[in-house]
Amino acid sequence: MNILVCISNVPDTTTRIKFTADNSAVDYTGVQWIINPWDELALTRAIELKEAGKVDKITVVSVGNAAIEATLRKALAAGADEAIRVDARAADSYATASHLATAIKQLDADLILCGIESSDYNGSSVGGMLAEILDMPSVSSVSSLEIEGESVKIAREIEGGRQQVETSLPAVLVVQKGIAINPRIPSMRGIMTARTKPLKVVADAPADTRTSISTYEFPPQKSSCKMIDAENPEQLVDLLHNEARVV
Amino acid sequence: MSVLIYAEHRDQKFNKAVYELVSLGYRLANELNTQAIAFTSGDIADDELKSLGRFGCKTILHTSANVYDDEKQLAETISAAALENNAKVVLMPHSFRGRAVAPRIAVRLKASLAQSINGYPASVQPMVVNKRAFSGKALVKENLDGDISVITLTPNTFGLHENAVGAVVQALPDNAGAPATRVLQQEVQKGKILLSEADIVVSGGRGMRSADNWQPLEELADILGAATACSRPVSDEGWRPHHEHVGQTGKVVSPSLYFALGISGAIQHLAGISGSKVIVAVNKDPEAPIFTVADYGIVGDLQSVLPRLNEAFRKHKSGN
Ligand SMILES: Cc1cc2nc3c(=O)[nH]c(=O)nc-3n(C[C@H](O)[C@H](O)[C@H](O)COP(=O)(O)OP(=O)(O)OC[C@H]3O[C@@H](n4cnc5c(N)ncnc54)[C@H](O)[C@@H]3O)c2cc1C
Ligand SMILES: Nc1ncnc2c1ncn2[C@@H]1O[C@H](COP(=O)(O)O)[C@@H](O)[C@H]1O
C-alpha cells in the first residue's frame, strides 16, 4: 500500500498577517513557514500506519518554488520516504490541483491524502478537485483511517454524526481533525536521514486558473466590549434582546 | 440560463441553511434576469420540497436516487442538472457534503469555485465574492473569473428572506450507477441542535474546570435553543465530544450569538468564531484576550455567574 500526502506550505498559524501597499497581496517578509496543520496530521497518520507495517511507502508532494523545499525536508525528517516538488506556481486551487494531478499520474499511489483546507487561503478545494481531475472516488471530512490487509476502513464526520465507509482504490481522502492526535515531530535522527532521502523536482507547464484575488482587508475592528456587572445578569439579557436583538 | 441550488436535506427535512441558500439564490437569479431552480435527491415528501417556494424558488427538480453518500456520483448528478439547465451559478450549502462535492462540480463544469462565501456577492457580473482567509485574520474579495461559478454559503451570513411563490416539483429519472463509496455504518445523534445549524452557540473552555460542571452550560443551551461547543483542550481532555471542538483545527461557526464561557480567547480559538455576529464572554480574568473580541462581557466566576445567567434567561423566555 502506497500513500501519497499533499503538502501545502503555509505561514505559521500565529503569524501576524500584513498586506502589500495596495492590499492586493500578502506581504510575506519575515514569515515562518510550516506544514499546513491538517497535512501534518495526514502525514502523521501515514507514518503511524507505516510503523505498524500496513504501508510500504509514503511520498509527499507539494506545488511551489524552491522555497518550499525546506517544508518538504521537514516532512522527510518526520518520516516520509520520498518528496516531490512540482516546480510550478500554486496560482489558485484549480491550478494547484492540476499540477498535483500531473505529478500523481506518474506515481502509483493507492491512497492520496489532502487536508480539509490550507490555513492560508482556506480554499477547501484542492482535494476534491484533484479527485475529479484524476477521476477517482473521494471521501471527505475523514476523521479516522485504518488499514487491514487490502481493506481500508474510513470514518468520516457528517452533520451530527459519523459514518464508516468503504471505497474503491485508488482514492483521495480529505482529512480533518481526529485522523491523528499529535503531529509527529522530527527526531534528530530523522533530520539527519532526511538529508539522504530523495527530493525530486518535476516540471510542469503553467496551468489554467479560474479565480484571482482582488483585495485583502482586515476584519472590522470590534467596538469595545460592554462590561456587565456579574451581579446583574438581567442587564445582559436586556442588551442581547433590545440592543443586539439576538435573543 | 439559471441559478441552480443544491437543496440538501437531512432526515427528509430542509434546514435553515437551505432556506437561506434559496433566499440568496432567488436574489441572484433576479439580478441575472433568470430563475432559481432547486435540485434535490433521495426520499423526501412533496410538501417539504414545495416549502422552498416560500423563499422564491418556483422549480424543484427531484430525483429519488440515493446518490448522496458517494461524492463522485453526487457531483455527477448535480453537474448534469446544472448543464441541463444551463446554470450560470451553482449554490451549495457549506455543509460536510456541500463542501466535499463543490470542488468536483467546479472541475466538471469548468467553473470557478468559492467555498464558504460571506453573504451576497460583492458583485454578480463579474462575480466577486467575500471570503475569509488566514483563518479569519483577513477578509478577501475574490474574483470568480470563469463563466460559471460554484459557490458554498457560510450559514447565517445572508439571512432568510421570504418571497412566497407556488413551487412545482419536477421528477427526474433515477439513472445513477453503482457507487464507489458505500456506507457500512452510521451513527447520528438525535434531538440535539447541531453546531453547524445553530443560531446560538454556548461554548465552554478550560475555565469550566471539569467534565462534571457542564450541566448548567447545557441548561443555558436548552433555554436558548442553542447548540453546545467547546475549546480544543476541553475535547482533548475528553470532557466533551470531539465534534464540539471549535477553532482553527476544529469547526468554524458563524452563529448570531456565541457564548464563550471560561475560554481565554487564543488566536486558534478565535479562528473558529470570528464570523459570529455577537460574542458574549464570561471569564474571571478581566485581562483575558477574549474580551478584545467580545461585544458583551462579564468578569466573574462561572460557578456563580452561570446559574444566575440561566435564571435571567429563563425569566426572559417565559416572558416575565
Ligand atoms: C496548531 C494549534 C491549533 C490549535 N487549534 C485550536 C482550536 O481549533 N481551538 C481551540 O480552542 N484551541 C486551539 N488551540 C489551542 C489554543 O492555543 C489554546 O490553548 C486554547 O484555545 C485554550 O483553551 P481555553 O480557552 O479553554 O483554555 P485556557 O487558555 O486555559 O483558558 C481558560 C480561561 O478560563 C478562565 N477561567 C478559569 N477558571 C474560571 C472560572 N471559574 N470562571 C470563569 N473563568 C475562568 C481563565 O481566566 C482563562 O481565561 C490550538 C493550538 C495550536 C498550537
Ligand atoms: N501548493 C500545494 N501543494 C500540494 N498540496 C496542496 C497545495 N495547496 C493545497 N494542497 C493540498 O490541498 C489541501 C486543501 O487546500 P486548499 O484547497 O488550498 O484549502 C491541503 O491541505 C493540501 O493537502
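**Ligand 2**

I began at ligand 2 in this predicted model, where one of its oxygen atoms sits 2.8 Å from a polar backbone atom of A:Ser124. I take a polar contact as a pair of N or O atoms within 3.5 Å; within protein, one must be able to donate a hydrogen and the other to accept it, and residues adjacent in sequence count only if both atoms are side-chain atoms. Side chains reach ligand 2 as well: a polar atom of A:Ser118 is 2.6 Å from an oxygen atom of the ligand, and one of A:Asn36 is 3.1 Å from an oxygen atom of the ligand. On its own, ligand 2 exposes 480 Å², and the protein buries 94% of that (Shrake-Rupley areas with a 1.4 Å probe; for residues, only the protein chains shown count as cover).

Next I looked at the shell. It holds 19 residues, of which A:Cys6, A:Asp39, A:Ser118, A:Ser124 and A:Ser125 come nearest (near means a heavy atom within 4 Å). Strand β4(A) gives the most to this shell, with 3 residues. I sorted the shell by class and found 8 nonpolar, 9 polar and 2 charged residues (Ala, Val, Leu, Ile, Met, Phe, Trp, Tyr, Cys and Pro count as nonpolar, Asp, Glu, Lys and Arg as charged, and the others, Gly among them, as polar).

For my own bookkeeping, residues are numbered from 1 along each chain as its sequence is written, while chains are lettered from A and ligands numbered from 1 in the order in which they are written. Local features need pLDDT of at least 70, side-chain atom pairs count only at pLDDT 80 or more, totals for chains, interfaces and linings use all residues, and side-chain values use heavy atoms, with hydrogens and water left out.

**Ligand 1**

Then I moved to chain B. Around ligand 1 I found 25 residues, with B:Arg206, B:Ser231, B:Ser264, B:Gln268 and B:Asn283 nearest. A backbone N or O atom of B:Arg206 lies 2.7 Å from an oxygen atom of the ligand, and a side-chain N or O atom of B:Ser231 is 2.6 Å from an oxygen atom of ligand 1. A nitrogen atom of ligand 1 is 3.1 Å from a polar backbone atom of B:Lys284. Taken alone, ligand 1 exposes 980 Å², of which the protein buries 79%. By class, its shell has 5 nonpolar, 14 polar and 6 charged residues.

**Chain B against chain A**

How many residues does each chain bring to the contact? I get 84 from chain B and 78 from chain A (heavy atoms within 4.5 Å). The buried area is about 7000 Å², with 55% from carbon and sulfur atoms (accessible area, 1.4 Å probe, that two parts lose on being put together, summed over both). B:Phe96, B:Phe134 and B:Tyr296 supply 12% of the area that chain B buries against chain A, more than any other three residues.

I count 11 salt bridges between the chains (a side-chain nitrogen of Lys or Arg within 4 Å of a carboxyl oxygen of Asp or Glu). One joins B:Glu71 and A:Arg156, at 3.6 Å from N to O.

Most residues other than glycine have a negative phi, and most peptide bonds are trans. I noted that B:Phe134 has a positive phi, near 50°. The bond from A:Leu169 to A:Pro170 is cis, with omega near -5°, and another cis bond joins B:Gln125 and B:Pro126, with omega about 0°.

Notes
Helix = DSSP H or I, 4+ residues; strand = E, 2+ residues; numbered from the N terminus.
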